[in-house]
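Morning, everyone. Have a look first.

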Amino acid sequence: MLAEWARKAAQLLAADPHAAARNAFSDQVVGAAVFETNGPILKEADLIVLAVKPQVMSAVLEEIRPQVDPRHLFVSIAAGITLARLAAGLPSRTRLIRVMPNTPCLVGWELSCFSRGPTATSADANHVERVLASVGHAFEVPESSLDAVTGLSGSGPAFVYRVIESLADGGAEMGLPAELALQLAAQTAKGAAEMVLTTGRSPAELREQVTSPGGTTLAGLNELAKLAGAEAFRAAVIAATKRSEELGRVS
């Protein structure tokens with residue numbers, strides 16, 4: 001699932017210092033090798049995914065640096081950690097690609113954007129794109145765009161979940177069973193997103209199609225306007241983007 005070259009779990013290696021995390025990975029990816037330290041990963045693997053919190057990246061790079069060699073391609077999914085910071089913590093000429101994925105990869109609907117470092121090759125980029133595309137869609141972008149990608153598609157699922165939650169709460173308050181209200185809200189969000197992706201029409205155009213003068217949709221949109229509901233989500237993306245920028249400046 002994670003890559004064309006790793007369809008079999010036995011080809012996957014993972015490391016985590018916490019036993020609970022190792023056990024969880026083993027339960028989900030039966031047959032994969034799991035280690036407490038990173039040494040065995042660097043010894044055996046060619047493509048290394050740095051899937052750690054931004055706050056511990058410097059310590060991880062310091063730990064693995066002595067074992068890095070030219071065959072390694074490093075892929076980082078740590079929010080805000082720039083290619084320059086990664087390069088500074090690893091041997092010169094290390095091939096690096098920075099990725100911003102999102103959690104819908106768990107259901108095959110990932111949207112990832114990636115940027116390659118100056119020493120990464122076109123073959124490296126193609127390899128990583130195939131890996132990412134195996135669980136959704138992937139796009140190469142300039143690194144300068146990755147903070148905004150983080151704020152939008154990286155953090156965005158949480159914002160959409162909040163919309164679904166609020167829609168369902170409204171339905172339940174108006175008398176719908178809670179389980180049905182949640183199903184209606186989630187399917188409505190899914191259907192609306194699919195309309196944007198498949199019709200080629202803008203969200204504004206599609207919104208106008210379901211908004212009749214004096215109708216129910218207009219009443220709801222007017223309430224959103226009064227509460228600055230739509231504006232709040234624009235602000236959320238901006239705030240998440242700025243936080244990603246801040247993380248990138250942390251030494």
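Start with helix α5, residues 122–133. It lies across β3, β4, β5 (95–100), β6 (110–116) and β7. Against β6, helix α5 runs at about 165°. Keep in mind that this is a predicted model.

Now the sheet itself. What is the strand order? The five strands run β3-β4-β5-β6-β7. The sheet is open, and its pairing is mixed. From one strand to the next, the twist averages 25°.

Which strands stand at the edges? β3 and β7, the latter at 136–140. Each has a single partner strand, so one side of each is left without a neighbour in the sheet.

Next, the β3 end. Strand β3 covers residues 47–50, and strand β4 covers 73–76. They pair in the parallel sense, over four bridges. Leu47 stands opposite Leu73 in β4. Leu50 has Ser76 of β4 as its bridge partner.

Last stop: two helices. α6 spans residues 146–154 and α7 spans 156–173. They pack at an angle of about 30°, with axes 5 Å apart. An angle under 35 degrees counts as roughly parallel, so α6 is roughly parallel to α7. Who makes the contact? From α6, Gly151, Leu152, Ser153 and Gly154; from α7, Gly156, Pro157 and Phe159. By type, that contact has three nonpolar residues, four polar and no charged.

That's the tour. Over to you.

Technical notes:
Residues numbered from 1 in each chain as written. Predicted model: local features only at pLDDT ≥ 70, side-chain atom pairs only at ≥ 80, totals over all residues. Heavy atoms only, no water. Axes fitted to C-alpha atoms, helices over the stretch in contact; angles between N-to-C directions. Parallel < 35°, antiparallel > 145°, perpendicular 65-115°, else oblique. Contact = heavy atoms within 4.5 Å. Nonpolar A, V, L, I, M, F, W, Y, C, P; charged D, E, K, R; others polar. Pairing = 2+ DSSP bridges.
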